[in-house]
Amino acid sequence: MMADVMQSDGAQRAAGDRPGAVDGGADGDRPTGSANGTGDTSTGSGTGTEDSAAAARIVAIRERIDEIDRTMIALWQERAALSQQVGATRIASGGTRLVLSRERQILERFREALGADGTQLALLLLRAGRGPL
Ligand SMILES: C=C(O[C@@H]1C=C(C(=O)O)C=C[C@H]1O)C(=O)O
């Protein structure tokens, strides 16, 4: 579930990280049994492998991952702002703040495309657009 990757203080951690582990510090995100016996298998570039070809490939793929993340963050923020505009427009015209039938359509759209995780994602999207209730 999406909430599993969000700490109560809003800080993010990977699903497999131990709560409280410091990113890049302890070995919580690395396999045990590494060649140097410390459990730390990362290279200087933090790719998690000592194979230089694999590390180079990982770095290249991560560039696109980072680009996707930036785009998703921007789209998330744009959607929330638009949703809040709709809410403000509707309230100013005497309408309701929310339209649950529309929210159900959106939940169904995400569930059809992404399954149960889609439902969780859509719930977070809808919450972001509501602002404080
Ligand atoms: C944005 C709207 O208002 C609210 C927010 C929604 C959303 O974030 O998608 C959907 C339905 C409404 O509860 C809308 O009616 O379209």
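Which residues make up the largest nonpolar core? I106, F110, A122, L125 and L126 do, five residues in all. A nonpolar core is a set of buried Ala, Val, Leu, Ile, Met, Phe, Trp, Tyr and Cys residues joined through side-chain atoms within 4.5 Å. Helices α2 and α3 each supply at least two residues of this core. The largest share, three residues, comes from α3.

This is a predicted model: local features need pLDDT of at least 70, side-chain atom pairs count only at pLDDT 80 or more, and totals for chains, interfaces and linings use all residues. Residues are numbered from 1 along each chain as its sequence is written, and side-chain values use heavy atoms, without hydrogens and water.

Helices are DSSP runs (H or I, at least four residues), numbered from the N terminus. Helix α2 covers residues 100-114. G115 follows α2 and has a positive phi, near 75 degrees.

| Class in α2 | Relative accessible area (1.4 Å probe, protein chains only) | Residues |
|---|---|---|
| Buried | under 20% | E103, I106, F110 |
| Exposed | over 50% | R104, Q105, E112 |

The buried residues of α2 are E103, I106 and F110. Seen down the axis, they fall within an arc of 60 degrees (directions from the helix axis to the C-beta atoms), so they line one face of the helix. What covers them includes α1 (52-92) and α3 (116-130).

L125 belongs to the core. Leaving aside neighbours within four places in sequence, L125 is in contact (heavy atoms within 4.5 Å) with W76, R79 and F110.

Terms used:
The expected span of a helix is 1.5 Å times one less than its number of residues.
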